Amino acid sequence: MTAPRRVPAVVLRRRPRGLPAPDDLVLADTELPSLADGEVHLAVLDLSLDPYLRSTLAGRHLGDAPVALGDVVPGRSVGRVVASRAADVAVGTLVLAETGWRAEAVVAAKTATPVRVPDGVPPSAALGALGMPGLTAYAAVVRHLAPRPGETVVVGAATGGVGSVAGALLRRRGARTVALVGDDAKAEDATARLGYAEAVVRGRDGWEEALATACPDGIDGYLHMGDMPTLHAAVRLLAPRARVSLCGLMDQYNGGPPTMLPAGAVMMARATVHGMVVYDHDDLADAQHDEVAALLADGTLVLHEERHEGLAAAPEAFARLMAGRNRGKVVVAVGC
Ligand SMILES: NC(=O)c1ccc[n+]([C@@H]2O[C@H](COP(=O)([O-])OP(=O)(O)OC[C@H]3O[C@@H](n4cnc5c(N)ncnc54)[C@H](OP(=O)(O)O)[C@@H]3O)[C@@H](O)[C@H]2O)c1
């Protein structure tokens, strides 16, 4: 009997406290199970890093199974099928699967979905614009923000995986989009590369006045993916009948206090506040795919990614993401 193969993976070494540190996670050799009927063996190409993982690692992300110390970090990848014991999945197929942070993985074929990207668009788009972050953006735009032409919509974390797609979808519906971002480089990305009308750097001296100036008639729609001070500043500027989508609470995920909503400002604006849970919007996946793929294919939507090379780079990349230092959807190139 041959010994099981061992493959590199990233495991949980210490549960993050506050902002994740790169050494909370560590590269290790892990056993690759042998292939059983109905399974496929994947060589991981691109691994997605996502903020929800911070809650998963803390044991408090919706239905996610708890991650014990020493367990492989969960995560979604694009991988190539290198061996198959499933009649309907051919070797060589590119699939999206929950592989965890591994160089190779064995998964049930029925949980792996073929990657569909337009010609000329890299497969990693299936992790971002055409994947879960893109669906989040799509659902927030069509179900929560429902912009009318000429309305002003403010997008938090505007250049990230969700934000960069939301901006394009909003503009397609005639909205004037204002980006909230964390630094000058992202402000430049937002206006010069991603098409936002204006960008405001959150947290800087005078930024709340700058936001008010950028939204002279108030904010008709607000996609919240930031921290509590940002939420409060945006809500104070809501126009009558504004819509808010509460989508990401980055400071809270990193151990900050629970995010509170300024109820008086919501009430005075007669605003509607929606809570986003992307898993409620799977029925929109085909519509999202069609619209976002068309925007990528014609160049209206730029795939805005921050790519890191090699699995060993993933812990540092995740710490960067949770600290808000990423520029675009974070992807780790694991193999080729
Ligand atoms: N509710 C759902 O179903 C759902 C689904 C997917 C994603 N999300 C959420 O949507 C948000 C965006 O996700 P993403 O994958 O596209 O990530 P991302 O935007 O690429 O990265 C997270 C961004 O959050 C911003 N941020 C704002 N305040 C922050 C703070 N206090 N600390 C750290 N970062 C802060 C940073 O951008 P700036 O520096 O430019 O502000 C950072 O780059 C996340 O909060 C995520 O949890 C929610």
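Colleague: Which residues of helix 10 are buried?

Modeller: Please keep in mind throughout that this is a predicted model. In helix 10, residues 314–322, the buried residues are Ala 314, Pro 315, Ala 317, Phe 318, Leu 321 and Met 322. Their directions span an arc of only 160° around the axis, so they sit on the same side of helix 10.

Colleague: What do the buried residues of helix 10 pack against?

Modeller: Their partners are strand 1 (6–12), strand 2 (25–31), strand 3 (39–48), helix 1 (52–57), strand 14 (305–309) and strand 15 (329–333). After helix 10 comes Gly 324, with a positive phi near 80°.

Colleague: Which residues are buried in helix 4, and where do its exposed residues lie?

Modeller: Within helix 4 (residues 184–193), Lys 186, Ala 187, Asp 189 and Ala 190 are buried. Because they cover an arc of only 160° around the axis, they fall on the same side of helix 4. The exposed residues Asp 184, Ala 185 and Ala 192 are carried by the face turned away from that buried side. The cover over the buried residues includes strand 9 (176–181) and strand 10 (198–201). Just after helix 4, Gly 195 has a positive phi of about 95°.

Colleague: Why does Gly 264 count as exposed?

Modeller: Gly 264 has 10 C-beta neighbours inside 10 Å, and so it counts as exposed. Gly 264 lies in helix 8 (residues 263–268). Although Gly 264 and Pro 315 are 51 residues apart along the chain, 41 Å separates their C-alpha atoms.

Colleague: How far apart in sequence and in space are Cys 336 and Ala 43?

Modeller: The two are 293 residues apart in sequence, with 8.4 Å between their C-alpha atoms. Cys 336 is placed in the segment after strand 15. With 7 other C-beta atoms within 10 Å, Cys 336 is exposed.

Colleague: Which residues of the largest nonpolar core touch the most other members?

Modeller: As a general matter, nonpolar side chains tend to be buried together in soluble globular proteins. In this case the largest nonpolar core has 96 residues, of which Ala 140, Val 154, Val 165, Ala 166, Ala 179 and Ala 314 touch the most other members. Helix 2 gives the most to this core, with eight residues. Since domain 1 and domain 2 both give residues to this core, it lies between them. Val 154 shows such packing in detail: leaving aside neighbours within four places in sequence, Val 154 is in contact with Val 178, Leu 180, Cys 215, Ile 219, Tyr 222 and Ala 234.

Colleague: How is the protein divided into domains, and how many residues does each give to their contact?

Modeller: The division is into domain 1 (6–128 + 305–333) and domain 2 (132–281 + 290–294). Their centres, taken over C-alpha atoms, are 28 Å apart. The contact takes 14 residues from domain 1 and 16 residues from domain 2. On the side of domain 1 that touches domain 2 there are four nonpolar, six polar and four charged residues.

Colleague: Which residues come nearest to the ligand, and where does the ligand shell lie?

Modeller: There are 30 residues around the ligand, and Gly 160, Gly 161, Gly 182, Gly 248 and Gly 324 come nearest. Elements that give two or more residues to the shell include helix 2 (132–145), strand 11 (219–226) and strand 12 (238–249). Helix 3 gives the most, with three residues. By class, the shell has 14 nonpolar, ten polar and six charged residues. Both domain 1 and domain 2 give residues to the shell around the ligand, so it lies between them.

Definitions and conventions: Residues are numbered from 1 along each chain as its sequence is written. This is a predicted model: local features need pLDDT of at least 70, side-chain atom pairs count only at pLDDT 80 or more; totals for chains, interfaces and linings use all residues. Domain bounds come from an automatic or database domain assignment. Two residues are in contact if their C-beta atoms, placed from the backbone, lie within 7 Å. Ala, Val, Leu, Ile, Met, Phe, Trp, Tyr, Cys and Pro count as nonpolar, Asp, Glu, Lys and Arg as charged, and the others, Gly among them, as polar. A residue is near a molecule or strand if its C-beta atom, placed from the backbone, lies within 6 Å of it. Helices (H or I, at least four residues) and strands (E, at least two) are DSSP runs, numbered from the N terminus. A residue is buried if 20 or more other C-beta atoms lie within 10 Å of its own, exposed if 12 or fewer, and partly exposed in between; C-beta atoms are placed from the backbone. The arc is that of the directions from the helix axis to the C-beta atoms. A nonpolar core is a set of buried Ala, Val, Leu, Ile, Met, Phe, Trp, Tyr and Cys residues joined through C-beta atoms within 7 Å.
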